[in-house]
Amino acid sequence: MSTKKNNIAAGIDIGSNSIRLIIAEVENNKIKNIIYQEKATTRLAANINKTGILAEEPFNKSINVLAGFRKALNKYNVEKIKTVATSAVREAANGKEFINAAKNSGIEISIISGKEEGILEYLGVCSGFDASRQPLILDVGGGSSEIIYMQDNNELHTESHKIGVVKMADMFDFQKISTEILEKCSAYIKEFFKDVTIPNNIQNFIATAGTATTLAAIDMEMTEYDYNKVNGYKITKEKVIEILNKVYSTPYNKRLEIKGMDKGREDLIIPGILIILEILKKTNLNIITVSDFGLREGAVVRAANS
């Protein structure tokens with residue numbers, strides 16, 4: 001479905017690690033102009049594996065962030081808004097309480113399924129650059145990871161797996177430097193994805209979300225994040241392994257000194273890289289294309305079409 005020129009809309013992605021807002025002009029399912037964007041790291045899914053609920057501190061922090069987003073939406077007079085919540089809110093026993101609290105702050109949230117998440121991620125990635133070469137899209141989130149590709153019959157295949165970087169950080173202490181922890185985590189991830197098969201006609205491996213964008217930023221040694229340079233950036237498997245070794249051999253309190261490291265991702269990037277490498281192994285490819293665009297951008301395209 002195409003959209004009119006100057007169609008301003010907003011998308012909000014409430015993830016397990018971060019909450020992100022974009023206000024953009026959308027035309028023909030492409031993001032033509034980003035008017036405003038903001039991100040806050042709240043680790044909403046912290047300890048959800050153990051407790052089954054959204055903990056009080058990240059719950060309140062996330063609601064405060066959404067209240068701030070509401071002010072931005074009012075400032076830009078945005079009427080078309082799509083706000084989606086994923087794994088953390090989807091799985092939490094107090095997810096409805098979170099939805100109600102957000103509503104009181106002026107934000108209406110849709111809890112989306114893993115399948116819908118994959119569809120919006122595909123829409124988001126394609127809104128930023130040409131993904132026409134038979135791509136596999138991998139979104140490594142905080143609480144879940146999605147594998148998305150177009151099948152031979154032109155139907156979109158999406159699968160959502162309940163594994164993500166926040167959940168892994170609750171299981172393994174990535175703040176410590178330990179080969180044993182790395183090996184145990186790698187073995188866990190390998191076992192988790194052992195039954196996943198990838199078509200052999202995949203021509204392009206696209207990784208989206210925070211791990212992938214941080215990898216690109218580190219490889220470019222960015223001191224100021226620039227999504228224009230990150231979106232479409234290509235990085236080899238060997239370089240990714242090199243960055244993994246650099247991060248986990250650097251003391252936790254020194255990792256922010258690595259140029260390009262995203263604050264709040266000093267431990268999360270390790271399991272994120274391991275998940276990317278495990279899925280990459282299942283293809284015959286050696287290069288990762290990084291997409292800065294993903295679920296949030298898919299949400300804004302969907303909002304623009306509403």
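Ser-127 has its place in helix H5, where helices (H or I, at least four residues) and strands (E, at least two) are DSSP runs numbered from the N terminus. This is a predicted model, in which local features need pLDDT of at least 70 and side-chain atom pairs count only at pLDDT 80 or more, while totals for chains, interfaces and linings use all residues. Residues are numbered from 1 along each chain as its sequence is written, and side-chain values use heavy atoms, with hydrogens and water left out.

**Ser-127**

- Ser-127 counts as buried because its relative accessibility is 2%; buried means under 20% relative accessible area, exposed over 50% and partly exposed in between, with a 1.4 Å probe and protein chains only.
- Beyond its neighbours within four places in sequence, Ser-127 is in contact with Asn-29, Lys-30, Ile-31, Phe-293, Glu-297 and Val-301 (contact means heavy atoms within 4.5 Å).

**The five-stranded sheet**

- Five strands form an open sheet with mixed pairing, in the order S3-S2-S1-S4-S5; two strands pair if DSSP finds at least two bridges between them.
- At the edges sit S3 (30-41) and S5 (110-111), each pairing on one side only.
- S4 (residues 81-85) pairs with S5 in the parallel sense over two bridges, and Ser-110 in S5 is the bridge partner of Val-84.
- Helix H2 (residues 56-75) lies across S1 (7-14), S2 (18-27), S3 and S4, and runs at about 25° to S2. Axes here are lines fitted to C-alpha atoms, for helices over the stretch in contact, and angles run from 0 to 180 degrees between N-to-C directions.

**The six-stranded sheet**

- The order S8-S7-S6-S9-S11-S10 describes an open sheet of six strands, again with mixed pairing.
- Its edge strands are S8 (156-161) and S10 (234-236), each of which pairs on one side only.
- Neighbouring strands of this sheet are turned by 25° against each other on average, direction ignored.
- S6 and S9 (residues 204-208) pair in the parallel sense over five bridges, and Ile-137 has Ile-206 in S9 as its bridge partner.
- Helix H10 (residues 237-248) packs on the sheet and touches S10 and S11 (287-291), its direction making about 75° with that of S10.
- Helix H11 (residues 269-281) lies across S6, S7 (145-150), S9 and S11, running at about 155° to S6.

**Pocket and cavity**

- On a 1 Å grid over the protein atoms alone, a cavity is a set of points where a 1.4 Å probe fits but cannot get out, and a pocket is an open set with protein on both sides within 12 Å along at least five of seven lines; lining residues have an atom within 4 Å of a point.
- The largest pocket has a volume of about 840 Å³, a volume being the space filled by probe spheres set on the points, with grid points joined across faces, edges and corners.
- Of the 43 residues lining the largest pocket, Arg-20, Lys-39, Gly-210, Thr-213 and Asp-262 are the closest to its centre.
- S2, S3, H5 (114-128), S6 (135-140), H8 (210-219) and H12 (295-304) each supply at least two residues of this lining, and H8 gives the most, with four.
- The pocket lining has eleven nonpolar, 18 polar and 14 charged residues; Ala, Val, Leu, Ile, Met, Phe, Trp, Tyr, Cys and Pro count as nonpolar, Asp, Glu, Lys and Arg as charged, and the others, Gly among them, as polar.
- One cavity of 30 Å³ or more turns up in a search of the whole structure, and the largest cavity has a volume of about 40 Å³.
- Asp-173, Phe-174, Lys-176, Ser-178, Ile-181, Leu-182, Tyr-248 and Ile-270 line the largest cavity.
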